[in-house]
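Please keep the viewer open as you read.

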Amino acid sequence: MLQRSRKILIISDVEDIGQSISKILGPGYEFFLSPADEPVFTIGGRTLPDVLVLDIAAPDLRAEIARTIHNDERISALDVICLMNEDEDDEKTKRFVSDLFTIVNRSEDFHEVAEKIKSIFDEINGGTDNTDDEKSDDEILAESQSCLNNMSYQLIKAISLLAEVKDPCFRGHSRRSASLAKEILKRMGGTEEEQMRIYYAALVHDIGMVAIPDHIVGKRASLSEEEFNDLRQHTIIGSKIFSGVTQIPEINQGIRWHHERYDGTGYPDGLSGEDIPLAARIIAAADAYDSMTSEMVYRSSMGQQQVREEFIKGSGTQFDPEIAKIILSIIYDDKNFERRQISKNDWKILLVDDDPMILKMAEYILSRYKQYKILQASSGRAALKILREETDIDLILLDVEMPLMDGIETLIRIRSDELTRSLPVIFVTADSSRETLSKALKFGISGYIAKPFTPTFFVKKINEILNKNI
């Protein structure tokens, strides 16, 4: 039998809290951290912890998370410890939280919460600190598999970028197709887990393109019959690359059959109707939509009305009628035509600042220029989340003085990630101290804009940095 460690999930923005408590408790405990602004309540996407610890300073956010836990039957059954300041004066929130969870006073050394965790496990084990608590081998292996799945998802994201390197036209294609495939399945009633599975399947649907010669992928003229036959091989090559990945069957289904047509005239196997797996039918529609709305080497992107007409015409022939209907509803809801590739002359800029007025002002200045598409994040952690999901950001405007994770720490994390380390970053801050500038230069800022700034200088500096990185 394999020994089972005790799993504690901490929702907090104090990143070393788990290490601090672990030093007090000693071996036999595993700690996992989830950010307070985007909490998750499972480990590796599936496994529930033994104990949940809430360390959230903001009373409103704490109450919101408490309600979420209370309304979820699985999570509400857990032992939950909530850290609160002894002098907290929000009695209403305090009463609400204390009715649901065990309240422990927050302290700098975390000894009190460590003792509480230990006492909970003592009660679970019948009053003794039994470190030999065991699960079956199958249960332990299932939990290990869950963690491996989480790691696999991260690898899939990285692998998906390989196809985009082949040609500029593929830039962001996998991510946009994956986002749309997820939305389609959501509207079809798919569970959150099913939505994530198809999202990751769609991310790598074109992976076989890495083996197709560049002169075919990037050819501006029409392909010859022989070249088109070579291009079609990407579905078979891709499915061979992922043939050993069986944990998520949607991946191979999407890779091999995303060019099948509902009427049976597609490739590589000529499947038709519902003989084509659902994942492949969804990815086929998402892939086609993004191709239509993107600049290709052989044609310009289509307008929204033309895309709508293509899906009406292709319903029942190229596309599953139900899925085509859902695509049409998505088009109808997309009033500003945001589901499309940004023009290659356009720039996607991420604004990161905890001051909503600065975000609003910066967006107002940049919104006057059509070439900018703006994304916003109110914290360093929120910015890192966006960077994981958005693969085609061109520039980051980053504040220095932010709570929990400041601009320096955020910059360090950006530079330590293979996928984001080369992105240009401009500091936009009132902190012009020598120490801050020295740290910023050490980790490679591309520019500096001092607050307050004029609109003319703001735009000039942004264009200067962007034009350096063309």
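Contact here means heavy atoms within 4.5 Å. This is a predicted model, in which local features need pLDDT of at least 70 and side-chain atom pairs count only at pLDDT 80 or more, while totals for chains, interfaces and linings use all residues. Residues are numbered from 1 along each chain as its sequence is written, and side-chain values use heavy atoms, with hydrogens and water left out.

**Overall picture**

The protein chain has 20 helices and ten strands; these are DSSP runs numbered from the N terminus, with helices (H or I) of at least four residues and strands (E) of at least two. Of its 470 residues, 46% count as buried. Buried means under 20% relative accessible area, exposed means over 50%, and partly exposed lies in between (1.4 Å probe, protein chains only). Among contacts between residues at least 6 apart in sequence, 65% join residues at least 24 apart.

**The cores**

A nonpolar core is a set of buried Ala, Val, Leu, Ile, Met, Phe, Trp, Tyr and Cys residues joined through side-chain atoms within 4.5 Å. The largest one has 37 residues, and those with the most contacts inside it are Ile184, Ile251, Tyr289, Phe311 and Ile327. Elements giving two or more residues to this core include helix H7 (173–187), helix H12 (249–257) and helix H13 (278–292). H13 supplies the largest share, eight residues. Which residues is Tyr289 in contact with, leaving aside its neighbours within four places in sequence? They are Leu180, Val307, Phe311, Ile327, Ile331, Asp334, Phe337 and Arg339. A second, separate core holds 24 residues, including Ile396, Leu423, Phe427 and Ala440.

Phe427 is also one of the residues that Tyr448 touches, not counting residues up to four places away in sequence. Tyr448 sits in strand E10 (residues 447–450).

**A histidine in a loop**

His258 lies in the loop between H12 and H13. Is His258 buried or exposed? With a relative accessible area of 2%, His258 is buried. Its side chain reaches the backbone oxygen of Gly254 at 2.9 Å, and a polar atom of that side chain lies 3.0 Å from the backbone oxygen of Ile255. Beyond four places in sequence, the residues that His258 touches include His205, Asp206, His234 and Asp287.

**Salt bridges**

Side chains of opposite charge can pair when their charged atoms come close. The structure holds 13 salt bridges, each defined as a side-chain nitrogen of Lys or Arg within 4 Å of a carboxyl oxygen of Asp or Glu.

Asp353 and Lys451 link distant parts of the chain, 98 residues apart. Asp353 counts as buried because its relative accessible area is 4%, whereas Lys451 is partly exposed at 21%. Glu409 and Arg413 are four residues apart in helix H18 (residues 407–416), so about one helical turn separates them. Glu409 is partly exposed at 31%, and Arg413 is partly exposed at 23%. Elsewhere, Glu183, Arg187 and Asp333 are linked in a network of salt bridges.

Technical notes
Polar contact = N/O pair within 3.5 Å; in protein donor to acceptor, adjacent residues only side chain to side chain.
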